[in-house]
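Biologist: I'd like to learn how to read the inside of a protein model. Could you walk me through it?

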Amino acid sequence: TDGGRELSTDSERVSFTDDGGRGLQLGARSGKKAEGQWCVGEWDRDDMVLLDILEFPSKIYANRQRVDVEVAYPKAKRIILRDVLRTDRNHPYFSNNKNLRKVHCILMVYALFHPEIGYAQGMNDILARFLAVMDSEVDCYWMFCNYMERRKRSDFLETTMLKKIDFVKRLLSELDPDLHKFFQESECCDMLFCHRWLLLDFKREFKFEDSIRMFEVLSTQYLEVNSTRALVEADRAIAREFELDAGLVRAGRDGMNCDFTFDLFVCIAILTLNRESICLTTDMATLYGFLNSLSSKMSLGGVLAEAERLFYKYCQCCVTRGYQEVDP
């Protein structure tokens, strides 16, 4: 029971009723009709669909997951509607209002059934890539939920994103100390310009079709510090160092930081590829203006190639550092 609503499921019937006693009932499996009941003796398609629909709220009520329709709903609806109207309006798919309604409906359902995070700006940009490819409201809702749960949910929390930006700074200090020093001595030592890159998976930094490809690359988690590719590259570096050291010293790969996800290497790649222009900027406004001017103008292939190079460089540096630490 929740808020005057009752959901009953037993071997004899399934019913959903409200305060006024109105509702639907599915009768016993014997196939005999009872007054006010639907016969389910044949378990036909319509009855199965209804049972599936009833199963979803039953799980919510069982977990006492309440939906705040008085405060959360109007607030989410207002913010979502505003962002939906801005969603990739120059893209042919989203120039159709029917497809914008899909964006609106999916985000509303997600916000209502995930009240601990609700809706945050940028979710429409994440969802847009699913819809442009799949064009299925149902499939895209579950894909979006899964993606948020497995990869993105924590990024929409302020503390998590600030921590991730801090990882960008630490990684830059290892891969390009001079550029890291430049940022530390400038007005942009917080490097908050990375926020949009990381939150939207670089959606606005590339053309729409290229942003989908970037989305796929990041989703595969192919090049992560704890991936097979990273371990193989580290083992190769270990073998090279072991051979150069005449087999006298052996180091491991314990120094590799698994918090350095591949999207951080993409951030560093954008910075290193534009290193010369960045170092010519003199204040925060100039730097932000330059970085914003790169939007939709960068080569996806060039950025991915540089990110991959930096990734392998990091794996090798960790091994070399390990040898230095154990060198007698």
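Modeller: Let's start with Cys188, which is buried because its relative accessible area is 2%. Buried means under 20% relative accessible area, exposed over 50% and partly exposed in between, using a 1.4 Å probe and protein chains only. Bear in mind that this is a predicted model: local features need pLDDT of at least 70, side-chain atom pairs count only at pLDDT 80 or more, and totals for chains, interfaces and linings use all residues. Residues are numbered from 1 along each chain as its sequence is written, and side-chain values use heavy atoms, with hydrogens and water left out.

Biologist: How many disulfides does the structure hold?

Modeller: A disulfide is a covalent bond between the sulfur atoms of two cysteines. The cut-off here is a pair of cysteine sulfur atoms within 2.5 Å, and the structure has zero of them. For Cys188, the closest cysteine sulfur belongs to Cys189 and is 7.9 Å away, too far for a bond. Cys194 is in no disulfide either, with the sulfur of Cys267 its nearest at 4.5 Å. Cys194 is buried, at 0% relative accessible area.

Biologist: Which residues touch the most other members of the largest nonpolar core?

Modeller: In soluble globular proteins, nonpolar side chains tend to be buried together. A nonpolar core is a set of buried Ala, Val, Leu, Ile, Met, Phe, Trp, Tyr and Cys residues joined through side-chain atoms within 4.5 Å. The largest one here has 82 residues, and Met123, Phe183, Phe193 and Phe265 touch the most other members. Helix H14 (residues 300-326) gives the largest share of this core, 10 residues; helices are DSSP runs of H or I, at least four residues, numbered from the N terminus. Leaving out residues up to four places away in sequence, Phe183 has contacts (heavy atoms within 4.5 Å) that include Cys188, Cys189 and Phe193.

Biologist: And aromatic pairs: how many are there?

Modeller: You describe such a pair by the distance of the centres and the angle of the planes. Rings of Phe, Tyr and Trp (its six-membered ring) pair if their centres lie within 6.5 Å; planes under 30 degrees apart are stacked, over 60 edge-to-face, the rest tilted. The whole structure has 16 aromatic pairs. Tyr110 and Phe144 have ring centres 5.1 Å apart and planes at 75°, so that pair is edge-to-face. Tyr110 sits in helix H3 (residues 97-113) and Phe144 in helix H5 (residues 137-152), 34 residues apart, so the pair links distant parts of the chain.

Notes: Helix = DSSP H or I, 4+ residues; strand = E, 2+ residues; numbered from the N terminus.
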